[in-house]
Amino acid sequence: LIHGTSHTWLRSGLLGRGATGTVWKGQDVNTGHTMAVKESDLDMNLEVPPDVALEIEIHRGLKHPNILKFFGTDCVKARCYIYLEYMPGGSLLQMLKKNGPLDEPSVQNYSCQVLSGLAYLHQHAVLHRDVKAANILLGEDRTVAKICDFGCSKRSRVSAKHTLRGSVLWMSPEVINSSKYGFKADIWSFGCTVIEMLTARPPWGEFTTQIAAMMFISSCDEMPPLPGAVSPQLRDFVACCTRRAPKERLRAKKLLMHEFLNSRGCEWPIDIT
């Protein structure tokens, strides 16, 4: 039993481990409410480490139907706890590993929701910097998708520079090359995530080392490969995300109006106010 100021709760299972902490399934003993709790160590001065403090500062101000809800924080006995919405469907990556590639209607549904969340983030000057299937969580019936994990995120309307954050195989060429980058880097990563949905594999396939992957992605003139049997609309949709030059990629708000999404009618709320 962990007694915090905002919540008194019980651990009820391990959900995952990340670079900045361990995520537990927890139950508030007063309300019975199930939540996800991210646990991190405090530093030697019993203060919240700067990267965790930044994650909290960014996430606590976000409110959108396709972004994981933030419920608060506590510091107890040299530990920091971040209380988050629990998504019983697990991650999109877990679903892909279990069930294999998605069909185009499913890709359309998830793409619409993730883009809606990204458009909101970018409108509020937040670069996510680690968009991938592992950071998209699903509701119980796996129809609702929400962006999670703001541990790599940055709040800035000015393009970041010389900051290598994120996962290499989803990382844009300008990030790998330590060039100036901005919101279009998230769009590249989103395009790679669409490919991940279609293949149930990382974009670009397998590399022997991360350095080999970085050298290839940064120097080749190609976009990540798509399976052969995809519709022309979907192929163009991915191309609009993964053009090598950032200025040639569409913004999230523009992508929401792309034919691939609107050909079937996007049923999900697109609230970017």
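At what angle do the axes of α5 and helix α7 cross? The crossing is at roughly 145°, and the two axes come within 7 Å. This is a predicted model. The chain has nine helices and ten strands.

**Overall build**

- The radius of gyration is 19 Å, which agrees with the value near 19 Å for a compact globule of 273 residues.
- The C-alpha trace spans about 55 × 40 × 40 Å along its principal axes.
- Buried residues make up 51% of the 273 in the chain.
- Take the contacts between residues at least 6 apart in sequence: 63% of them join residues at least 24 apart.

**Helix α5 and its contact with α7**

- Helix α5 runs over residues 183-199, and α7 covers residues 232-241.
- The end C-alpha atoms of α5 are 25 Å apart; this agrees with the 24 Å that its 17 residues should span at 1.5 Å a residue.
- Most of α5 is covered, with 14 of its 17 residues buried.
- On the α5 side, the contact uses I187, W188, F190, G191, V194, I195 and L198.
- On the α7 side, L234, F237, V238 and C241 meet them.
- By class, the residues of this contact are ten nonpolar, one polar and no charged.
- An α-helix has 3.6 residues a turn, so residues three or four places apart point the same way.
- In α7, the buried residues are L234, F237, V238, A239, C240 and C241.
- Cover for those buried α7 residues includes α3, α5, α8 and α9.
- Just after α5 comes A200, with a positive phi of about 60°.

**Helix α3**

- Helix α3 spans residues 104-123.
- From first C-alpha to last, its 20 residues reach 28 Å, close to the 28 Å expected at 1.5 Å a residue.
- Because 16 of its 20 residues are buried, α3 is largely enclosed by the rest of the structure.

- What does F190 touch, beyond residues up to four places away in sequence? Its partners are S111, V114, L115, L118, V131, F237 and C241.

**Loop residues with positive phi**

- A125 sits in the loop between α3 and β7 (126-127).
- Its phi is near 60°, a positive value in a residue other than glycine.
- A125 counts as buried because its relative accessibility is 8%, under the 20% cut-off.
- W204 lies in the loop between α5 and α6 (210-219).
- Phi of W204 is also positive, near 75°, and this residue too is not glycine.
- Is W204 buried or exposed? W204 is buried, with a relative accessible area of 11%.

**Two further buried sites**

- L256 is in the loop between α8 and α9.
- At 5% relative accessibility, L256 counts as buried.
- L256 and Q113 are 143 residues apart along the chain, yet their C-alpha atoms are separated by 9.3 Å.
- T8 belongs to strand β2, residues 8-17.
- T8 is buried as well, its relative accessible area being 14%.
- Leaving out residues up to four places away in sequence, T8 touches L1, I2, H3, Q27, D28, V29 and N30.

Key. Residues are numbered from 1 along each chain as its sequence is written. This is a predicted model: local features need pLDDT of at least 70, side-chain atom pairs count only at pLDDT 80 or more; totals for chains, interfaces and linings use all residues. Side-chain values use heavy atoms; hydrogens and water are left out. Helices (H or I, at least four residues) and strands (E, at least two) are DSSP runs, numbered from the N terminus. Buried means under 20% relative accessible area, exposed over 50%, partly exposed in between (1.4 Å probe, protein chains only). The expected span of a helix is 1.5 Å times one less than its number of residues. Axes are lines fitted to C-alpha atoms, for helices over the stretch in contact, and angles run from 0 to 180 degrees between N-to-C directions. Contact means heavy atoms within 4.5 Å. Ala, Val, Leu, Ile, Met, Phe, Trp, Tyr, Cys and Pro count as nonpolar, Asp, Glu, Lys and Arg as charged, and the others, Gly among them, as polar. The radius of gyration is taken over C-alpha atoms; the globule rule is 2.2 Å times the number of residues to the power 0.38.
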